[in-house]
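This briefing goes through one protein chain by topic. Please keep the sequence and the model open while reading.

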Amino acid sequence: MWGSLSSCAPVAYRRNWRVGNPPQATSLPHTSSGDSVIASLLALLFGLLIGSFLNVCIHRWPRNRSVVKPRSHCVRCRKPIAWYDNIPLASYLVLGGRCRQCGARISVRYPLVEFLTGMLFFYQVSTLGPTVAALKMCVFSAIAVALIFCDLEKRILPDEFTLGGIVLGLIFAGLVPRSEPGFVSMVYSLATGSELPNWLWAPAESAFGAILPAFFLWFAGWLYFKIRHREGLGLGDVKLVAMVGSFLGLSGALLTLILGSIAGSVIGYSYIKLTGKDPSSYELPFGTFLGAAALVAAIVGNQLLPM
């Protein structure tokens with residue numbers, strides 16, 4: 001953990017329910033409400049465990065350390081953590097947020113990451129049912145949570161999450177079909193006068209969702225550098241947006257950019273003013289705002305930007 005560490009089968013999903021890649025439901029026979037609750041609770045428990053592992057990744061990957069060795073230990077006294085002190089959420093509460101060995105305070109980030117990941121897994125499975133679509137969104141949620149805290153703490157967005165996430169998003173696009181054509185498919189139809197095959201709807205949306213918004217963001221950063229002669233955007237942010245697009249499609253990535261930019265501008269500027277930091281030298285964790293915006297886009301995106 002902390003050291004370096006309703007009564008139906010998954011309901012046929014409403015059209016346009018989610019921005020970017022509305023999944024096509026695959027009904028599970030004879031699934032009762034009780035089964036659905038059990039699946040959601042199992043997802044919650046699994047999310048807590050994944051959140052605990054994410055804490056290891058958040059601490060180690062930005063520092064170029066292995067997530068396998070050494071075993072979990074206190075970052076202050078370096079002593080190994082016993083298994084009973086490494087139980088998600090419970091150990092933090094029992095220990096009062098302090099190391100059993102040296103009494104050093106444990107960062108609140110550890111239980112927060114575990115709680116957020118567990119609740120997001122619970123939400124996705126209770127909404128989508130025990131389906132591949134739910135698995136896809138759970139994976140996306142875990143990556144987004146990790147990137148939020150990596151950038152917040154170290155101003156680094158590890159390639160393991162961004163580039164690895166792009167690959168996973170493209171793979172899931174082939175496993176989770178769309179129930180109707182997306183923006184890319186409609187543009188293709190208008191341009192060619194023919195329809196894109198149904199099986200290509202999701203992969204096309206995923207691929208263009210990864211490429212186009214990321215290119216626009218990179219171009220904005222390049223333009224800023226040419227005008228101001230200093231870097232205003234890291235390449236990690238570009239890769240993060242590409243990862244979001246590979247999972248949520250073009251509209252989801254665009255919504256993430258809009259929400260993340262607004263939040264970063266308002267909250268970031270307010271923080272700089274309140275703390276008296278120098279705006280010209282303070283490095284805003286833009287990836288944190290993009291990651292949070294991506295979670296919002298994944299959950300309520302269609303209500304904010306119906307497409």
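This is a predicted model: local features need pLDDT of at least 70, side-chain atom pairs count only at pLDDT 80 or more; totals for chains, interfaces and linings use all residues.

In which loop is R155 found? R155 is in the loop between α4 and α5 (159–175).

**Confidence**

- The protein chain has a mean pLDDT of 87, and 88% of its residues reach 70 or more.
- The pLDDT is below 50 over residues 3–30, a stretch that has 93 contacts in the model beyond near neighbours in sequence.

- Helix α4 covers residues 132–154, which makes 23 residues.
- From its first C-alpha to its last, α4 reaches 33 Å, close to the 33 Å expected at 1.5 Å a residue.
- Of the 23 residues of α4, 17 are buried, so the helix is largely enclosed by the rest of the structure.

**Other backbone features**

- Most residues other than glycine have a negative phi, and most peptide bonds are trans.
- L89 is not a glycine, yet has a positive phi of about 65 degrees.
- L89 is in the loop between α1 and α2 and is partly exposed, with a relative accessible area of 24%.
- K69 and P70 are joined by a cis peptide bond, with omega at about -10 degrees.
- P70 is also placed in the loop between α1 (33–60) and α2 (90–94).

**Salt bridges**

- Side chains of opposite charge can pair when their charged atoms come close.
- A search of the whole structure finds 3 salt bridges.
- D85 forms a salt bridge with R100, and the closest N and O atoms are 2.7 Å apart.
- This pair links distant parts of the chain, with D85 in the loop between α1 and α2 and R100 in the loop between α2 and α3 (109–128), 15 residues apart.
- D85 is buried at a relative accessible area of 5%, whereas R100 counts as partly exposed at 45% relative accessibility.
- E153 forms a salt bridge with R109, with the closest N and O atoms 2.7 Å apart.
- E153 lies in helix α4 and R109 in helix α3, so the pair ties together parts that are 44 residues apart in sequence.
- E153 counts as partly exposed at 33% relative accessibility, while R109 counts as buried at 5%.
- D159 forms a salt bridge with K239, with the closest N and O atoms 2.6 Å apart.
- D159 is in helix α5 and K239 is in helix α8 (residues 235–275), so this pair ties together parts that are 80 residues apart in sequence.
- D159 counts as partly exposed at 36% relative accessibility.
- K239 has a relative accessible area of 19%, and K239 therefore counts as buried, the cut-off being under 20%.

**Nonpolar surface**

- F208, I211, L212, F215, F216, W218, F219, W222, L223, I227 and L235 make a nonpolar surface patch of about 1,100 Å².
- Helix α7 (residues 198–228) gives the most to the nonpolar patch, with 10 residues.
- One of the patch residues is F215, which is placed in helix α7.
- F215 is partly exposed, with a relative accessible area of 42%.
- An α-helix has 3.6 residues a turn, so residues three or four places apart point the same way.

How values were computed. Residues are numbered from 1 along each chain as its sequence is written. Side-chain values use heavy atoms; hydrogens and water are left out. Patches are made of residues with over 30% relative accessible area and no salt bridge: like charges are joined within 9 Å, nonpolar side chains (Val, Leu, Ile, Met, Phe, Trp, Tyr) within 5 Å. Accessible areas come from the Shrake-Rupley method with a 1.4 Å probe; for residues, only the protein chains shown count as cover. A salt bridge is a side-chain nitrogen of Lys or Arg within 4 Å of a carboxyl oxygen of Asp or Glu. Helices (H or I, at least four residues) and strands (E, at least two) are DSSP runs, numbered from the N terminus. Buried means under 20% relative accessible area, exposed over 50%, partly exposed in between (1.4 Å probe, protein chains only). pLDDT is the predictor's confidence in each residue, from 0 to 100. Contact means heavy atoms within 4.5 Å. The expected span of a helix is 1.5 Å times one less than its number of residues.
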